[in-house]
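Hi everyone, thanks for coming. Let me put the sequence and the structure up on the screen, and then we can walk through a few places together.

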Amino acid sequence: MNAPRSPVDAKPPRMERLARLPVFFALTGRRAVLAGGTHSAAWKAELLSAAGAEVDVFAHDVSDELLALAADPPDGAIVLHLRAWQGSDLAGAALAIGALNNDDEASRFAAAARAAGVPVNVVDKPAFCDFSFGSIVNRSPLVIGISTDGAAPVFAQAVRAKLEALIPFGFARWAEAARRWRDAVKASGLPFAGRRRFWQLFTATALREPDREPAQDDYDRILTEAQDEGEKPSAGSVTLVGAGPGDPELLTLRAVRALQSADIILIDDLVAPAILDFARREAKKMMVGKTGFAPSCKQDEINALMVGLAKAGRRVVRLKGGDPMIFGRAGEEIAACRKAGIPVEVVPGITAAQGAASRLGVSLTHRKLARRIQYVTAHGADGKLPSDIDWASVADPVTTTVVYMPKRALAELAATAQARGLPADTPAIAVAAATRPEQEVIAATISDIASKLDDAAPEHPVLVMIGRALAQAAQDQRPLTSTPAPQLQSPASSAQSRPR
């Protein structure tokens, strides 16, 4: 039996090292100095003016682009000084930009700017830069900056192009509406929770109808809804969320929304840490792990904690690895919520079997080799192989069987399956940490999968897939010196399939 374990607060992961600190300068009405009159200088002048800066350009010769910009700037004035820059020109500037080809002059400009206490950038000369310009996605006042620290500008441009395609241009109107309405929301008398709810409803509307103009009617409706909800007693809820097998990109959009709106997240040990990067930073995070053959929180305690928090008005997310409805004790947690009158919702996730199959490039239901798929657990309530496994279905040649939690009982399961008619050369593949960077794959047959898994001794969660549909994938995973996988014939067309 597992040793008892109490829920504990989960420490948020430390911020990974940043190559650059992304900051956004407020430049409206402030002065920026630009040395140089080239095409590159014109582009920087346009950016600075668009951000509201008053731009002083110093150069003996200026390009046609700069002349045109000075005549018709995007926002802040662009003033051309047809002479070389001087150290005194930098006094009081917010930023200093140099479009200078000569390294000696670039070095002198950077030194003068720093002596004046002005952040400096010299175009295409990172050694002289205090900051850099990234690629920009402009839905102002929504602005997204992208930097690769100068390592791969083309890659940054590709990311920008991807974001441009994903983010509707109409978001600019909604972001501007948010700026107009923010003071009114603060003055509305809504409490903190009500104001937060206003912005949640606002965001939902913007995402649903990004391309139309926000109107005063939208503000009035959203404010009324937030006020109405605020007058009701604070109602908590529970959402069971499938975190998938580990790769954060396999999260569903609904799962991300649930994580970003949670007050408290109760986390299983099997959840990949990277998943929590999508959670609301202010949400309290607690580990309530249940790990086979290791200290685990009791299910009754988890149920009581979940229900108690929801009764206190909290939005609780119960975050589970894979899909919560596949060997995740979701039934017990749903029943506990319903008994307590707590609203409960389930957000499905990609289960480990699907994730592992996708990485192997194998179809678990091959029309010639497998008519059905079944999930079984090798870990019963007592920690042993369950006594109620349908062995005839495991031995059925038209079935792909996926075994969850198999580590301790796999040898017994494999031996019993063979004794009940499963051929010893049936392909079997064990996958640890499916879809994660540390994924391990062990290919074998049902006769030797247990010993090979013992030899590999993976530290991460494991599942084992068994069946004819895995023949090619098993052969692809074996070393070149191994015996080729047997050529398996399609099952007879009269073979019966069982419903899932």
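This is a predicted model: local features need pLDDT of at least 70, side-chain atom pairs count only at pLDDT 80 or more; totals for chains, interfaces and linings use all residues.

Is F25 buried, exposed or something in between? F25 counts as partly exposed, because its relative accessibility is 40%.

Now to the inside. In soluble globular proteins, nonpolar side chains tend to be buried together. Here, the largest nonpolar core has 26 residues, and L413, I449, V464 and I466 are those with the most contacts inside it. Which elements give two or more residues to this core? They are helices 12 (391-395), 13 (410-419) and 14 (449-456), along with strands 16 (427-432), 17 (440-445) and 18 (462-466). Helix 13 gives the most, with four residues.

If you zoom in on I449 and leave aside its neighbours within four places in sequence, I449 is in contact with L410, A428, A430, I442, A444 and V464. Apart from this core lies another one, of 21 residues, including A10, A258, I275 and L276.

My last stop is A53, in the loop between helix 1 (39-50) and strand 3 (54-58). A53 counts as buried because its relative accessible area is 0%. Beyond its neighbours within four places in sequence, A53 is in contact with L27, R30, A32, L48, G76 and A77. As for L27, it sits 26 residues from A53 in sequence, yet their C-alpha atoms are 4.9 Å apart in space.

Note on methods:
Residues are numbered from 1 along each chain as its sequence is written. Side-chain values use heavy atoms; hydrogens and water are left out. Buried means under 20% relative accessible area, exposed over 50%, partly exposed in between (1.4 Å probe, protein chains only). A nonpolar core is a set of buried Ala, Val, Leu, Ile, Met, Phe, Trp, Tyr and Cys residues joined through side-chain atoms within 4.5 Å. Contact means heavy atoms within 4.5 Å.
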